[in-house]
Structures are given as structure tokens and as C-alpha cells.
Amino acid sequence: MPDRRKSKRQPKERRHPLREHVRLKPAGPAIERRSQTRARLTVQLDSEIVDRLRNAVYWTPNVTIAGLVEGCIRETVDRMESERGATFPERTESLRVGRPKK
């Protein structure tokens with residue numbers, strides 16, 4: 001079974017078109033990291049939004065899918081906490097797995 005971690009280099013025509021000509025920096029202030037630990041989260045999203053996300057990341061230098069999703073989630077949770085007037089308390093038990101009951 002081949003090792004999937006070893007990826008071949010993309011053909012030159014698949015690379016970002018500005019990569020060789022311009023060194024661009026991301027717009028806006030750098031996001032500071034609150035912790036060095038990372039956790040994996042798997043979600044299923046509408047295929048149209050995933051395709052739009054991939055297009056946005058491809059055409060935006062120095063942006064990754066993980067970074068963009070993390071920033072959006074952070075902004076949304078911050079807004080929810082602001083509307084609530086306080087941070088959410090810690091969970092008392094694990095989240096339920098699967099679809100919510102109707």
C-alpha cells in the first residue's frame with residue numbers, strides 16, 4: 001500500500017499564478033495563537049460552500065483552509081458570546097453524537 005503522505009509536486013501550471021512574481025503578505029493583522037495544541041474536527045458541509053471555500057483559498061495568497069475556517073469560527077463564537085453578555089460555561093458532559101432528535 002503506498003504511503004499517501006508522500007505527495008508529488010504539483011505541475012507548474014497548477015501553482016498559484018502570482019507565486020513566482022510577487023511575494024504578497026496576508027491582509028489585516030496577524031491572528032495570535034491562544035494555544036499551541038490543535039484538535040481535529042470533522043464536519044460535513046454543502047459541496048457548493050466547500051468548492052467556494054477552496055476557490056477563495058486558492059486565489060488568496062498565504063491563506064489556508066484551516067486558518068480561514070478557524071478565523072470564521074472564532075469571530076462567530078466571539079459574536080455569540082458578546083450577544084449573550086458572557087462566555088459560555090464549560091460543558092458538564094460530552095456532546096451527543098449523531099443527528100439531533102426531532
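Salt bridges, defined as a side-chain nitrogen of Lys or Arg within 4 Å of a carboxyl oxygen of Asp or Glu, number 3 by this rule. The structure is a predicted model, in which local features need pLDDT of at least 70 and side-chain atom pairs count only at pLDDT 80 or more, while totals for chains, interfaces and linings use all residues. Residues are numbered from 1 along each chain as its sequence is written, and side-chain values use heavy atoms, with hydrogens and water left out.

R38 and E70 are joined by a salt bridge with an N to O distance of 3.3 Å. R38 belongs to the segment before α1 (47-59) and E70 to helix α2 (residues 65-84), so this pair ties together parts that lie 32 residues apart in sequence. Helices (H or I, at least four residues) and strands (E, at least two) are DSSP runs, numbered from the N terminus. Relative accessible area was classed as buried under 20%, exposed over 50% and partly exposed in between (1.4 Å probe, protein chains only). R38 is exposed at 51%, whereas E70 is partly exposed at 30%.

E70 also forms a salt bridge with R74, with 3.4 Å between the closest N and O atoms. These two residues of helix α2 are 4 residues apart, or about one helical turn. R74 is partly exposed, with a relative accessibility of 22%.

Within helix α2, E83 and R79 are likewise 4 residues apart, about one turn of the helix. Their salt bridge has its closest N and O atoms 3.7 Å apart. E83 is exposed at 61% relative accessibility, and R79 is partly exposed at 45%. Through shared partners, salt bridges link R38, E70 and R74 into one network.
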